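Please open the model in a viewer and keep the selection panel at hand. The stops below are to be taken in order.

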Amino acid sequence: MDLARFTRVDEMTWRIEPHGAMRVPGIIYADEKLMRDMDDKVYEQIVNVATLPGIVKASYAMPDAHWGYGFPIGGVAAFDAEQGGIVSAGGVGFDISCGVRTMLTGVKVSDILSVQKDLADSLYRQIPAGVGSTGAITLDAIEMDAMLSGGAQWAINRGWGEARDLDRIEEGGEMVGAIPACVSERARERQRREMGTLGSGNHYLEVQAVTQIFDTDVARTYGLDEDDVVVTIHCGSRGLGHQIGTEYLRDMVIAAKASGIVLPDRELACAPINSDIGQRYLGAMRAAINCALANREILGHFTRRVFAHFFPDESLKLLFDVSHNTCKVERHVIDGKRRQLFVHRKGATRAFGPGHEGLPADLRTAGQPVLIGGSMGTGSYILAGEASAEPKAFSSACHGAGRAMSRHAALKQWSGRKIQDDLATQGIFIRSPSTRGIAEEAPGAYKDVGAVVAAAEHAGLARRVARLRPLICIKG
Amino acid sequence: MNGTLGTAVGETKWEHFPHAADVGIRGFGKTVAEAFEQAALALTAVVTTAEVRPLISVTVEREAPDIELLFVEWLNAIIYEMAVRKMLFSRFAVTVDGTQLRGTLWGEAVDVARHAPACEPKGATYTALKVANEGSGVWTAACIVDV
């Protein structure tokens, strides 16, 4: 990206001055190298988002930002309903409430090594992953409604989870304001047999080793120590969320066209929060958040069953479950005044800092765990939200490494089989139905996650607590 | 990637083009309907390059305010049938009448061992969306698919 188009506010803050139809400035948090490597489309998309009605303060992008749909992936924008603010289906994305959960296993790396291959095979058999996979659970119409309203709480009531998890899930595991009646029959049909499935693409289940602790106090609060083994699951609301995203994006495009609104990009289609379609989307989107929370809870339950077989004396404890594709109603202080805002995070993780009222008591001193997925080979990070993220980006941080290369280019460069073999020699066992899928997700196709999280820390969004290295990766 | 899957040998009528995180699909044809059919083959090739046998047929009907939105509707109808029926499709027949579309898809149930599906399309997007008569009798239909 051409850095001459920005005002450099400080080492990590790059500002796009309002011009043209922009209502607010654009701000990217990143270091100079990440900025130079960033796609020019990110600039264009930040500018486009800044033109939307009711946007508050700025159109933000996180250090891992890349070219998305309407909004950049890694984009954060808040809207005020009282000032004509909008809600955007593209600003949430197709995979509504896609997110990450990390569970502590109580097991050390040395305990895993002797069973690592069997554990990988067992997880691969027990966790439905990839195209054509079907979960063991089929929902009828009544159960579908209960799931869409109840989220992880519903899963736990049905025996697919543990009540102690709820404190460690955003929204206490149950997103209020969901309106199942706003979810179409087609979206329900896509989900009927997909509960407890991982999906494909960049979604995964990993068994990981803690290789480095950056902040001993916070790590202790989180229950993390060097050589501990954790399980991390990255997935979302599956077919239901995809269908809701598809349908409401179309309806918003058609509604915009009918009312004569010219959009700079059709993916920016949006509707006033205070409109019929805006409210229906919010109801459906929140139902999809519940679907994602329930899905990750069920996948966690399946994982617990497998671990119980190998390690009968241990029980998996949820560290945290957080989404990175959402629109949430939150209260933030703007110019000394507390205002209710609709915060869109598209490929950005909510990152509440120490003392935030939204955190459970036992995490309030440390701040919210911010779970950052890397690539199969390079590892992942656990960060803690910083209080300074609130004024800087409505309490948001990055969400992952972000791709450096298209699937297309990755496929030309790597063989999936060779990656699988190479990683196995490094002690990382990959299980996937598709070697092509592995090639498309090659570690080299992603940005350096270390640079992304360092930038997030230096920008004051979230600080590093622990680094994780994969031992087993189940990919759809 | 580009290919001739299901078309006359030697005629390249669809292709993939790069996107940062996802994949673009483009179909070419003498008519808009043929461009739609070819783009559907490109969609299947996002998932698998293995043979997909045209054993079962499914029909879809969609409508949209303009031809570009209709193209996205068509792809999303296929994605829906793939997801709900756990099928892959390898033959397509489309008729377009103004802003109405009727399509038949032929395919078979996903066989994970044989098809080794690489990834699952979540939805067709309005990004890089273009349906146009390029002149000299060639139509193209393209957009990015979120996977």
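Predicted model: local features only at pLDDT ≥ 70, side-chain atom pairs only at ≥ 80, totals over all residues.

**A tour of chain B**

A contact here requires C-beta atoms, placed from the backbone, that lie within 7 Å.

Next, display chain B as a cartoon and follow the chain from its N terminus. The elements run in the order β-β-β-α-β-α-β-β-α-β-β-β, and the secondary structure comes to three helices and nine strands. The radius of gyration of chain B is 14 Å, close to the 15 Å that the globule rule gives for 147 residues, so chain B is as compact as a globular protein of that length.

Now turn to the C-alpha atoms of chain B. Taken along the principal axes, the box that they fill is roughly 40 × 30 × 30 Å. Then colour the residues by burial: of the 147 residues in chain B, 54% are buried.

For the last stop, bring chain A into view. How many residues of chain B are in contact with chain A? There are 29 residues of chain B in contact with 37 residues of chain A. On the side of chain B that touches chain A, select β2 (14-18) and α2 (67-85) of chain B, the elements that give two or more residues to it. The element that gives the most to this side is α2(B), with five residues. Finally, colour this side of chain B by residue class: it has 19 nonpolar, six polar and four charged residues.

Note on methods: Residues numbered from 1 in each chain as written. Chains lettered and ligands numbered in written order. Contact = placed C-beta atoms within 7 Å. Helix = DSSP H or I, 4+ residues; strand = E, 2+ residues; numbered from the N terminus. Nonpolar A, V, L, I, M, F, W, Y, C, P; charged D, E, K, R; others polar. Rg over C-alpha atoms; globule rule 2.2 N^0.38 Å. Buried ≥ 20, exposed ≤ 12 C-beta atoms within 10 Å, placed from the backbone.
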